[in-house]
Amino acid sequence: MQKKVALITGVTGQDGAYLSEFLLKKNYEVHGVKRRASLFNTDRIDHLYQDPHEENINFFLHYGDLTDSTNLTRIIQEVQPDEIYNLAAMSHVHVSFETPEYTANADGLGTLRILEAIRILGLEKKTKIYQASTSELYGKVQEVPQTETTPFYPRSPYGVAKIYAYWITVNYREAYGLFACNGILFNHESPIRGETFVTRKITRATSRIALGLQDKIYLGNLNAQRDWGHAKDYIRMMWMILQADKAEDWVIATGKTTSIRDFVKMCFSYIGVELEFKGSDSNEKGYIKACNNPEFQIEIGKEVIAIDDKYYRPTEVDLLIGDATKAKEKLGWVPEYDLDALVKDMMSSDIKLMQKQQYLKDGGYKIKNYFE
Ligand code: NDP
Ligand code: GDR
């Protein structure tokens, strides 16, 4: 049987890496679009690399960028994909306030460029498209839990760019009959989550504090609430969305929400440490209340969490909680990880990573600090 061919933009990101692995296991030929960078940016997919000089290669990388339609059209023409997963994006909500025009170009118009390429190349009947839409579309709370019919009210340049991508995907489906779908995915995390998203920032810093490599974590709004799932569960749904009989839009979420403060507590609890928070808003601080793990020498009463206003956003999304009933009923969505299992996976991985740094430090080598 002929192998299916998938093209993944954003292949070097968290979801791109897991999805590549997943599709290769399903015997797809996988093509990824990666950006040219001055340093190697393929850490997350290095284990999938295949020497192009060998035979029977099924994982290919192409240089490209969502802001370059000539490049995207040529890659799609060469690859002739059965499925495109458009995962590439400037995906950091806070950074989008600093780079709003670029974010609109990559995240909004980038999606249009892919859809137009399909049309220009006459691939409307062959190529299915998954668009990485987001719970950030909901923004300011209109209704909870959020479903496929909840009105959108984005609260960042990122959310606004993604709303264009959402609607242009719907429009090309309706106007030209493309099999184009939005996955409205709520936050999903993993041990390979980008280091500046709040969960990974916390799991890395907690591990460093436990090992004496760092004193404190500076965070922003601790009251925000997110519906966090595991990226491995969510990339499986991207694939299922494109295997459905009909092109539609789908919410993928766990249905549970947790504050940033409680996520911090869960991470410290994983290493046997109990935290106590005092104060509020910019003056809130977190202290060590008890340490029940003899492996880690953490002083009782030590201040380990503080607020830095620079991590607050000009406009915030206060509460996300998704209702994935449609995906559960029609696609059989059953996540394998709950939040406890996610915290365990991220913390155990980051403790190992930071232990390596500790060996380097003990050996007299300078180690990098990560404060973002
Ligand atoms: P990451 O930030 O980990 O990965 C983003 C990817 O996009 C990277 O490969 C990055 O390349 C690439 N990229 C960024 N800008 C461009 C560009 N102009 N041209 C080509 N490639 C580009 O994101 P995730 O894997 O977490 O998310 C995947 C997608 O899903 C994104 O679109 C995100 O907005 C969306 N999403 C994510 C959710 C989540 O919780 N993770 C939830 C809902 C939606 P490089 O490695 O070079 O930086
Ligand atoms: P989010 O993820 O904005 O939901 O977007 P992020 O982890 O950046 O923020 C979650 C919440 O935590 C609060 N917060 C902090 N955030 C960061 N990054 N750093 C901090 O120090 C900090 N302190 C508090 C934030 O204010 C926010 O409320 C992610 C991205 O993956 C998007 O691409 C995706 O579309 C959405 O999830 C769904």
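Reply: Start with the packing of helix H2. Its buried residues pack against strand S1 (5-9), strand S2 (29-34), strand S3 (59-63) and helix H4 (100-120). Keep in mind that this is a predicted model.

Which residues of helix H2 are buried? H2 covers residues 69-79, and its buried residues are Leu72, Ile75 and Ile76. Seen down the axis of H2, these buried residues fall within an arc of 95°, so they line one face of the helix. An α-helix has 3.6 residues a turn, so residues three or four places apart point the same way. The other side of H2 carries exposed residues: Thr70, Gln77 and Glu78. Just after H2 comes Gln80, with a positive phi of about 50°.

Next, the nonpolar cores. In soluble globular proteins, nonpolar side chains tend to be buried together. Here the largest nonpolar core has 68 residues. Those with the most contacts inside this core are Ala6, Ile8, Tyr85, Leu115, Ile129, Tyr130 and Ile252. Helix H5 (residues 157-176) gives the most to this core, with eight residues. A second, separate core has 27 residues, among them Ala210, Phe268, Met346 and Ile351.

Take Ile129 from the largest core. What does Ile129 touch, leaving aside its neighbours within four places in sequence? Its contacts are Ile84, Asn86, Ile114, Leu115, Ile118, Leu178, Phe179 and Ala180.

Now the ligands. Ligand 1 has 26 residues around it. Gly10, Gly13, Ala88, Ala89 and Ala132 come nearest. Helix H1 (14-25) and strand S5 (128-134) are the elements that give two or more residues to this shell. H1 provides the largest share, three residues. By class, the shell around ligand 1 divides into ten nonpolar, 13 polar and three charged residues.

Ligand 2 has 22 residues around it. The nearest are Val93, Thr134, Val198, Gly220 and Ala224. Helix H3 (93-98) and helix H6 (198-210) each supply at least two residues of this shell. The shell around ligand 2 has nine nonpolar, eight polar and five charged residues.

Go on to the loops. Two asparagines have a positive phi. Asn27 sits in the loop between H1 and S2. Its phi is about 70°, although Asn27 is not a glycine. Is Asn27 buried or exposed? Asn27 has 10 C-beta neighbours inside 10 Å, so it counts as exposed. Asn56 lies in the loop between S2 and S3. Its phi is positive too, at about 55°, and Asn56 is not a glycine either. Asn56 is exposed because 5 other C-beta atoms lie within 10 Å, and the cut-off for exposed is 12 or fewer.

The loop between S5 and H5 holds Leu137 and Pro145. The peptide bond from Val144 to Pro145 is cis, with omega near -10°. Leu137 has 23 C-beta neighbours inside 10 Å, so it counts as buried. The cut-off for buried is 20 or more. Leaving aside neighbours within four places in sequence, Leu137 is in contact with Phe152, Pro154, Gly159, Lys162, Ile163, Tyr166 and Ile184. Look at the pair Leu137 and Gly159. They are 22 residues apart in sequence. In space their C-alpha atoms are 5.3 Å apart.

Lys285 is found in strand S14 (residues 285-291). With 14 C-beta neighbours inside 10 Å, Lys285 counts as partly exposed. Not counting residues up to four places away in sequence, Lys285 touches Lys278, Gly279, Glu303, Ile305 and Ala306. How far apart are Lys285 and Tyr49 in sequence and in space? Lys285 and Tyr49 are separated by 236 residues in sequence, and their C-alpha atoms lie 44 Å apart.

Last, the record. An unreviewed UniProt entry lists residues 7-346 for "domain: NAD(P)-binding". Over residues 7-346 the chain is 36% helix and 19% strand. The end C-alpha atoms of that stretch are 28 Å apart.

Back to helix H2, then. Leu72, Ile75 and Ile76 are its buried residues. They pack against S1, S2, S3 and H4. Thr70, Gln77 and Glu78 are exposed on the other side.

Conventions. Residues numbered from 1 in each chain as written. Chains lettered and ligands numbered in written order. Predicted model: local features only at pLDDT ≥ 70, side-chain atom pairs only at ≥ 80, totals over all residues. Near = placed C-beta within 6 Å. Helix = DSSP H or I, 4+ residues; strand = E, 2+ residues; numbered from the N terminus. Nonpolar A, V, L, I, M, F, W, Y, C, P; charged D, E, K, R; others polar. Arc of directions from axis to C-beta. Contact = placed C-beta atoms within 7 Å. Core = buried A, V, L, I, M, F, W, Y, C linked by C-beta atoms within 7 Å. UniProt positions renumbered as here; feature names shortened; annotations may be inferred.
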